[in-house]
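Subject: Structure handover

Hello,

Here is the structure you asked to see. My notes on its pockets and disulfides follow below.

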Amino acid sequence: MTNMMFTVRRGRFVLLSALLALVLFSMAAASVARANFQFEQAGVSLSNLDGTFDRQAGSHPDLAVKFSLPLDTTTVHDGEAIPGPPEAVRSVDVDLPLGLVGDPTPFPTCSPTELANPGQAFPNCPVDAQIGVADLEIGGPSGPQPLRVGVYNIAHGPNVPARFGFFYLGTVAVIDARVRPGDYGISSGSFSISQAVAIQAVTLHLWGVPADPAHDFDRQPRGAPEVDGQQAVSTSQPRLPFLSLPTSCPGTPMSFTMRGDSWEHPGAFDTRVLSSDLDGTPFMIDGCERVGFDPSVNVQPLSHTADAPTGLNVDIDVPQAAAPDGLATAHVRKVAIAFPKGMSVSPSSAAGLGACTPTQIGLGTNDAPACPDSAKIGSVTIDTPLLPDPLHGDIILATQTDNPFRSLIAMYIAAKGPGFYLKLPGRVDLDQVTGQLTATFDNTPQLPFSHMRVSLQGGSQAPLATPPSCGNYTTRTEITSWASDNVVALDTPMAIDQGCDSPAFAPSFTAGMTNPLAGQDSPFVFTLTRADRTPYLSSIDAVLPAGMLARIGSVTQCGAGPAVTGACPANSAVGTVSTLAGPGAQPLALTGRVYLTGPYKDAPFGLSIAVPTAGQAGPFDLGVVVVRAGIYVDRTDAHVTVKSDPLPTIIQGIPLRLRQVSLSIDRPKFMFNPTSCKPSGVFGSFGALGGATSQQVALFKIGGCGDLDLRQKLALQFTGKRSTTDGTHPGITAKLTDVQGGANLARAEVKLPLSVALDPDNAQALCKPAQRAALACPKASIVGTATAVSVLPHPLSGPVYFVEGTRKSPSGRVIATLPKLWIPLSGDGVTIDVNADSNVDAIKRLVTTFRDIPDAPISQFSLKINGGKHGIIVVSGRPGTCDRDKTIDSRFTGQNGQVEVSTTQVKVDGCKPTVTKTKATSSAVTLRVANLGAGKLTLSGSGMISKASRTLKAADEASISARLTPKARATLKRHGTIRLTLTVGYRPRGGKVVNVKKLVTVRR
């Protein structure tokens, strides 16, 4: 690399005695200083061997750099004015234009010992190591003294890229090259220049082609004091270029920047920007169209297995022209690699991955990167003709958005060179639909390289993933040089030819309750796992067994807005979710929460399944991934179906390659088991990208059903105070109460008293079977209402439709039967159909049978059948409903098969209290009174009994006792019998008192 920096180090001072006075004189002259250091002249020249200016891009001209200092004659020595520089130069530093480089590697070197040549007055460097000459003007008593010496390629250590030097008047001058951080141009500087001699002027000539015979007269023979220019000295070194002009033609002059300061004023630099030759000709580089550029690329994955994590090797070769009379190869400005479709970022790489901040990488500085090892995702090796050894370094992941491109993914190339760090940012663009990757390094340094290998690490956590299926793929690489905007497009074939079995889409599936006891609370678990190389998951539908339900009403539902963003409150959480994403043996594990929401789409309830990526996906924050699902309740048997929205397959351009989805609905006292122990299953229907589907079932069976009791209690009342006599139409109010914890009902059969019958002809209308099938019964067919209190937030309620009954004979003939009841109970967006048949038993009692009741806990079911004008229940026969048998027989069948038979008294509105039984003793009387309800019952008797009363909560019959008074007991003792006229008073709750007289005979 070209070096214009003059670093002068004091060597052995072995001057002839005649020069000693000159040195002392120069030191004295340098002590006189002006206020500021200034160059008198500073200039640069680029010329061909024939002396003409050279501006051809990539050519190999000679370079001359000159500076001189002003003369000062104010110093007097022995009575004479002595000319010399006013200040002693301390350092001179030159920034070369971007792209102007020197390649010292083909040339032999002179060791520092040979240059200093201890004990001798002249250097002992080999002629083949000379790469130019230095013309010096040294101040002396009689004025500046000219001196021409050879400039040599000097052997150096690992901390500088190149070193040059020359020997003058017993002093070794060393010129070190360095690479500027940021723009990676070449700078050369010489610092701490010796004050032993007064430097008046320096012109440094570096040869574009050092071995050219044109320079033979300027070669310094070994041991010679200086170049005499009279004798040709040949070299055995082949003609190879040393200097090369930039390969870009920006249209504006390139410039050199020269800085210098003095020992008297260190740090007070005189800076000159030099954009033209010594005669004023601008440094305009042209002829870029003539510069050659023929790169090649090879891109190969480390794994050729489909749907697998993989590293990658990218080899870029740029053959470098070495013809001394030709042009250098153009420098690479931009490399853009579009990887094949299907090759993407691997989520498996994120676990344990780190990232490098801008401060840690330190772009634009020469500081060693302080990036964490966890951010290193590969290595880089760069062969450049400018250095004898390749550069080695790392590929480092940049922090998300906090990088030069503000992009999701970016990376840095960080390679250690001699005395510098090469740090280049690269952008990674992700196709948001396909995940296809394009990596771009733009505005790369204007420095040549012959080969570069970028290796992304392999293994189970490699940063990339191969396409999901086997095939021949192509990587498109576009390379642009600094010489032209023309893009060299290169296609590299990539074969994915292993693991090509491509199994059918058949994910493994497990689901069920962790507690296998009937009716008990239990967490529900669900796991779906996809194998590598199978189609990616896209949807999940799960059908739960009938009776596997949840207490929806016990949970606060998440609102629509937070459900979309995954910001639901904690009190809406019902479980957790965990996922595995990415190919290979170590997919990325992510966890999240499952929240209950209100209505979603056409479902009455929903789930918001929220998985935050921050803190879980290595250095990436892709936001909160939310999947919504609808919870549907079947109207026939109340079984639940959960249907997910399409699963995310790609997020911000990163294909997830979901491997597993696991849910645990584990909120305490939320989900519970059926009360039926019939074998069942969780049915799953799973979709994949591309349209493949898989239907599976996870068998489900519970035990302990025999330990569940039936705990239902039925209360029934005939309503309508004027509807107790023959031909009238009472209403019916029934209330079924369930003490939770037992088996749910599967069937209920209720036989009404003989005093009532079904009167379908009195109904306003009957719903036709076709209308019932279409769920469109007319309003006129409504004969009542019903309400059910369940595990939903609000009760279910709905009309009771009277539906025409039919059946088919064995021959297929339609036969009319008694009408049926259809009760569509609705609430919270859920509708459950309750159906009842009507029939008569052997003794003509009306039998109503509720069949196929869903396996769901109903804490209370209320049924009201309208009476009156269009009532469907009629009092049949005399004396009516008040004075005939009022018992109903019930037969309840549980979901567990258990049967409970009971007899219950019907309460009848409009009936006066009736004494159905009396009992009298010598000390008290007891009456059994029917047709009662909630209220107050009293008993009195004209002073013959003590007054008694009792409060009734709810009863059709009740007994009341009263003691005989002393007067009554005395009369009984005297006469042996007494006849008592007793008054039974009944005040119904909220009503008026009704009195009934009863004559009772008491015997001794």
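The largest pocket holds about 780 Å³ of space. Here a pocket is an open set of points on a 1 Å grid over the protein atoms alone, where a 1.4 Å probe fits, with protein on both sides within 12 Å along at least five of seven lines; lining residues have an atom within 4 Å of a point. Grid points are joined across faces, edges and corners, and the volume is the space filled by probe spheres set on the points.

Before the rest, two notes on the source. This is a predicted model, in which local features need pLDDT of at least 70 and side-chain atom pairs count only at pLDDT 80 or more, while totals for chains, interfaces and linings use all residues. Residues are numbered from 1 along each chain as its sequence is written, and side-chain values use heavy atoms, with hydrogens and water left out.

Back to the largest pocket. Its lining is made up of 46 residues, and Ile395, Met411, Ile413, Phe441 and Val454 are those nearest its centre. Two or more lining residues come from each of β19 (312-317), β20 (332-338), β22 (376-383), β23 (391-397), β24 (409-417), β25 (420-430), β26 (437-441) and β27 (451-456). β25 gives the most, with four residues. Strands (E, at least two residues) and helices (H or I, at least four) are DSSP runs, numbered from the N terminus. By class, the lining has 38 nonpolar, seven polar and one charged residues. Ala, Val, Leu, Ile, Met, Phe, Trp, Tyr, Cys and Pro count as nonpolar, Asp, Glu, Lys and Arg as charged, and the others, Gly among them, as polar.

The second largest pocket has about 610 Å³ of space. It is lined by 29 residues, with Ala546, Lys678, Ile853, Asp855 and Gln895 nearest the centre. At least two lining residues each are supplied by β44 (680-688), β48 (745-751), β53 (830-840) and β57 (887-894). This lining divides into twelve nonpolar, nine polar and eight charged residues.

Now the disulfides. There are eight in the structure, a disulfide being a pair of cysteine sulfur atoms within 2.5 Å. Three of them are described here, among them the link of Cys110 and Cys125, with sulfur atoms 1.9 Å apart. That link is left-handed, with -65° about the S-S bond. Cys110 sits in the loop between β7 (101-102) and α2 (112-116), and Cys125 in the loop between α2 and β8 (130-138), so the pair ties together parts 15 residues apart in sequence. Cys110 is buried at a relative accessible area of 0%, and Cys125 is buried at 1%. Buried means under 20% relative accessible area, exposed over 50%, and partly exposed in between (1.4 Å probe, protein chains only).

Cys249 is joined to Cys288, S to S 1.9 Å. The torsion about their S-S bond is about 100°, so this disulfide is right-handed. Because Cys249 lies in the loop between β14 (243-244) and β15 (256-262) and Cys288 in the loop between β16 (270-274) and β17 (296-301), the pair ties together parts 39 residues apart in sequence. Cys249 is partly exposed, at 31% relative accessibility, whereas Cys288 is buried at 7%.

Cys558 and Cys568 also form a disulfide, with their sulfur atoms 2.1 Å apart. A torsion of about -85° means that the link of Cys558 and Cys568 is left-handed. Both Cys558 and Cys568 are buried.

Regards
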